[in-house]
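Hi everyone, thanks for making time this morning. I'd like to walk you through a few spots in this fold, so please keep the picture open while I talk.

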Amino acid sequence: MQLIKQNLIPFMGQIINLKRLIKFTNQNIIHVFGHTVTDEYLPHINPIYKPKTVLEFKKDLDYILKYFEPISVHEVLSHTNKEKIITKPSFHLSFDDGLKEIYDVVLPILKSKGVPATVFINSDFVDNKDLFFRYKAALIADRFPNEKERILAINYSEKNVLDELASQLNINFIDFLKAQKPYLTSEQLKTLQKNGFTIGGHSQDHPNYNLLSEFEQVSQTINSCKFVQNEFLEKNSFFAFPFTSEGIPLSFYGKIAQDISLTFGVSGLDFSNKGKHIERIDIENYGRNARAYIHRAYMTNFLKKITGTIKKRI
Ligand SMILES: [Zn+2]
C-alpha cells in the first residue's frame, strides 16, 4: 500500500487531467498553503527544508490560477455557512507562521495577480518578540550540521534544551531576532490587511498540540485568535493548527466553536464533513511543484471515492 501511495498516486495524477479530476471528485474548492518564499538562504528555515524561490512560487501560482479562481477566507466562510455557495473551481491561499517574506516578497506578487490570502500568526512571535523553537533548533543545526538530526528532533516539551544549548554554543537568539527580524511586524501586518490579506491565529508559541492537555490546546487557540482580534480588528476568527490537527479530540472543536469561525489543518483534500474544520494542501515541502501536490491530493480523494463505491457494492 505504501508503494502505491508513493509511486502510483502521483503517477496516475499526471495522466488524468486536473479538470477531469475536479469534475470526478466534485470538489471545487481547494486550500493551499506554505510558509515563505525567498531566493535567500534562511538559517532558521533551510536546515529544516528549502523554501520555494520567487520563480518557483510564481510558476505555482500561475498553474493554480489556470484551473482555480482565487477566493478570500471570508468567501470560504460564507460558502461553509451556505450564505453564498461557490460553484466555480476556486482556491484559497494561506501562509503559516507570519514570516517577513510574506510582506517583502509575497505581497507584491499577489497584488499583481489579484490574489487574496490569509496569514496565520503566532501571537508570541509577532514584532520579533520571540522565536519558534523549531527555528531555534534550525539556527543551532545551521552552525553544527553534523548534529542536525539530533537537534531537529527536539520537541516542544524539551524546548528549554535549545536555550541551554544556544547559550553554551554562544548563539544569541535575541541578537538574531533584532538583526534579521524574521517575523512580520504589526505595521507590516496592517499593510497586508489593506492589500487583501486576512490575519488568523496559529497558537501563541507554536506547540505540538498532541503534547498539550485539552485545556492548553483550547487556551493556545483562543488566546492567539483574541490577540488577532484585538490588534488587527478582524471581525471573524480563523485558526490554523500548528504542525497538525491529527489526534485533536472532537470535544476540542466543541469548546472553541463559540470563538472560532473556521479551523484549518494540513491533511490535503479531506471532504469528510467535519463542520467548520477545513484541510489544506501543503504545496511547499519536499521540493515538488504545486501541480504535483494538487494532482496527488485529487488522486487520493478520487481513489478513496472509487474504493468507497466498490466497498458499498460488495
Ligand atoms: Zn506553523
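Let me start with a term: two strands pair if DSSP finds at least two bridges between them. Helices (H or I, at least four residues) and strands (E, at least two) are DSSP runs, numbered from the N terminus. What you see is a predicted model, where local features need pLDDT of at least 70, side-chain atom pairs count only at pLDDT 80 or more, and totals for chains, interfaces and linings use all residues. Residues are numbered from 1 along each chain as its sequence is written.

Now, which residue of β5 is the bridge partner of A117? That is F197. Strands β4 (residues 117-121) and β5 run parallel, joined by five bridges. β5 itself covers residues 197-201, and five of its five residues are buried. By buried I mean that 20 or more other C-beta atoms lie within 10 Å of the residue's own; exposed is 12 or fewer, partly exposed is in between, and C-beta atoms are placed from the backbone. Both faces of β5 are covered, with F197, I199 and G201 on one side and T198 and G200 on the other.

Strand β1 (residues 29-34) is largely enclosed by the rest of the structure, because six of its six residues are buried. I29, H31 and F33 point one way, while I30, V32 and G34 point the other. β1 runs parallel to β3 (residues 90-96), with six bridges between them, and H31 stands opposite H92. β1 also pairs in the parallel sense with β9 (residues 281-282) over two bridges; there, F33 stands opposite D282.

On to the helices. α6 (residues 133-143) and α8 (residues 160-168) pack at about 30°, with axes 10 Å apart. Axes are lines fitted to C-alpha atoms, for helices over the stretch in contact, and angles run from 0 to 180 degrees between N-to-C directions. The contact (C-beta atoms, placed from the backbone, within 7 Å) involves F133, K136, A137 and I140 of α6 and L162, L165 and A166 of α8.

Most residues other than glycine have a negative phi. N128 has a positive phi of about 60°, and its place is in the loop between β4 and α6. Is N128 exposed, partly exposed or buried? It counts as partly exposed, because it has 18 C-beta neighbours inside 10 Å. L233 also has a positive phi, near 50°, and with 10 C-beta neighbours inside 10 Å L233 counts as exposed.

Conventions. Contact = placed C-beta atoms within 7 Å.
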